[in-house]
Amino acid sequence: MLELIPITECIGTEVRGLDVAGYISDQDFERIYQAWIDRTILLIRGQEMTPAEQVKFTRRFGEVVTYTRSQFNADEFPEILVLSNLTRDGKPIGSAYSGRVWHSDGAYLSDPPAGSMLYAREVPPVGGDTWYGNMYAAYDALPDHVKDRIADLKVVISRVQSRPYNYPDRPPPTERERLEWVDVAHPIVKVHDVSGRKALYVGGNVPWRIEGMPEDESRPLITFLQEFATMPRFTYRHRWRAGDIVLWDNRSAMHMATPYDHVNHRRLMHRTTLAAVL
Ligand code: OGA
Ligand code: MN
């Protein structure tokens with residue numbers, strides 16, 4: 001029997017009694033989908049699924065993104081992005097270092113993905129947890145005068161500027177990337193395209209600009225919002241076990257990876273990504 005259990009008071013639902021690779025009725029799926037929208041993340045433990053089954057399950061939630069340019073797609077499954085410190089024939093099989101600051105995925109794109117699913121295949125005995133924060137709850141908890149102040153503001157997100165924060169291990173952007181990667185502006189108060197609820201959208205721990213605001217005013221405001229948004233009461237830190245699935249709503253959640261001993265321990269995660277709803 002399907003059971004939906006809150007993870008913390010503020011964020012997340014654990015789904016029990018579900019085999020994601022088996023048959024899921026439309027009625028059960030509707031309850032799962034609604035819990036995802038309402039509570040920003042879903043956790044499903046103890047699952048065994050092949051890459052094909054992961055893609056199929058992800059598709060129930062929406063259109064799946066295929067990374068045409070990534071070197072870290074799973075063999076024969078371009079929809080699956082591999083996050084891992086493992087190597088094969090001396091070459092990395094996945095992205096070994098990503099998401100170590102609070103962020104929402106693809107914030108530097110004009111249409112960021114709607115959500116992502118991580119499936120843990122191998123996990124370190126300690127470390128490598130993932131934090132999630134509920135940005136509906138963070139917005140709701142802001143004092144009214146701050147809500148008024150930010151109501152019509154936009155944050156300008158630069159992919160070039162975020163590179164050293166997101167990927168300190170990678171080389172700086174090339175001249176060509178600098179030209180290709182144009183800045184994008186997003187409303188700081190984002191209206192969710194399914195729920196219609198307002199969520200705080202402040203990117204990661206990067207000192208973003210606010211459109212049309214002088215730097216000395218913009219910096220402290222954005223820093224305050226970022227720190228407020230990630231206060232512990234809005235968050236849940238997921239300690240992975242192999243077989244866990246977490247699906248986050250990228251429109252209403254931020255997340256952050258935590259470090260682990262990548263020399264002595266193995267971590268292998270398969271990620272699928274949901275396209276923006278346009
Ligand atoms: C991601 C991400 C965090 C992690 O897949 O977008 O940020 O803990 N992952 O691997
Ligand atoms: Mn991420």
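**View 1. T40, a buried loop residue.** T40 is buried, with a relative accessible area of 0%. This is a predicted model. T40 sits in the loop that joins α1 (26–39) to β3 (41–44). Look at its backbone: phi is near 70°, a positive value in a residue other than glycine. Buried means under 20% relative accessible area, so T40 qualifies at 0%.

View 2. How many residues does α1 have? It has 14 residues. From its first C-alpha to its last, α1 reaches 20 Å. That is close to the 20 Å expected at 1.5 Å a residue. The buried residues of this helix are F29, I32, Y33, A35, W36, I37 and R39. Find each of them along α1. After the helix comes T40, with its positive phi near 70°.

**View 3. D89, an exposed loop residue.** D89 lies in the loop between β6 (87–88) and β7 (91–92). Its phi is positive, about 50°, although D89 is not a glycine. Is D89 buried or exposed? At 75% relative accessibility, D89 counts as exposed. The cut-off for exposed is over 50%, so D89 passes at 75%. T40, by contrast, is buried at 0%.

**View 4. The manganese ion (ligand 2) and its protein donors.** Which protein atoms are donors of the manganese ion? They are H103 (NE2), D105 (OD) and H255 (NE2). These donors lie 2.1 to 2.2 Å from the ion. Along the chain, the donors follow the spacing H-x1-D-x149-H. H103 is buried, with a relative accessible area of 12%. D105 is buried as well, at 8% relative accessibility. Both values fall under the 20% cut-off, so both residues count as buried.

**View 5. Ligand 1 and its polar contacts.** A polar atom in the side chain of D105 lies 3.0 Å from an oxygen atom of ligand 1. An N or O atom in the side chain of H255 is 3.1 Å from an oxygen atom of ligand 1. Now turn to T130. An N or O atom in its side chain is 2.6 Å from an oxygen atom of ligand 1. How much of ligand 1 does the protein bury? Taken alone, ligand 1 exposes 290 Å², and the protein buries 97% of that.

**View 6. The shell around ligand 1.** The residues around ligand 1 are L83, G99, H103, D105, L118, T130, W248, H255, A257, R267 and R271. Sort them by class. The shell has four nonpolar, four polar and three charged residues.

View 7. T258 is in the loop between β17 (253–257) and β18. T258 is buried, with a relative accessible area of 7%. Where does its side chain reach? It reaches the backbone nitrogen of D129, at 2.8 Å.

**View 8. L268, a buried residue of strand β18.** L268 is found in β18 (residues 268–274). At 12% relative accessibility, L268 counts as buried.

How values were computed
Residues are numbered from 1 along each chain as its sequence is written. Chains are lettered from A and ligands numbered from 1 in the order in which they are written. This is a predicted model: local features need pLDDT of at least 70, side-chain atom pairs count only at pLDDT 80 or more; totals for chains, interfaces and linings use all residues. Side-chain values use heavy atoms; hydrogens and water are left out. A residue is near a molecule or strand if one of its heavy atoms lies within 4 Å of it. A polar contact is a pair of N or O atoms within 3.5 Å; within protein, one must be able to donate a hydrogen and the other to accept it, and residues adjacent in sequence count only if both atoms are side-chain atoms. Accessible areas come from the Shrake-Rupley method with a 1.4 Å probe; for residues, only the protein chains shown count as cover. Ala, Val, Leu, Ile, Met, Phe, Trp, Tyr, Cys and Pro count as nonpolar, Asp, Glu, Lys and Arg as charged, and the others, Gly among them, as polar. Donors are N, O and S atoms within 2.8 Å of the metal (3.2 Å for Na, K and Ca); water is not among the atoms, so sites may look incomplete. Buried means under 20% relative accessible area, exposed over 50%, partly exposed in between (1.4 Å probe, protein chains only). Helices (H or I, at least four residues) and strands (E, at least two) are DSSP runs, numbered from the N terminus. The expected span of a helix is 1.5 Å times one less than its number of residues.
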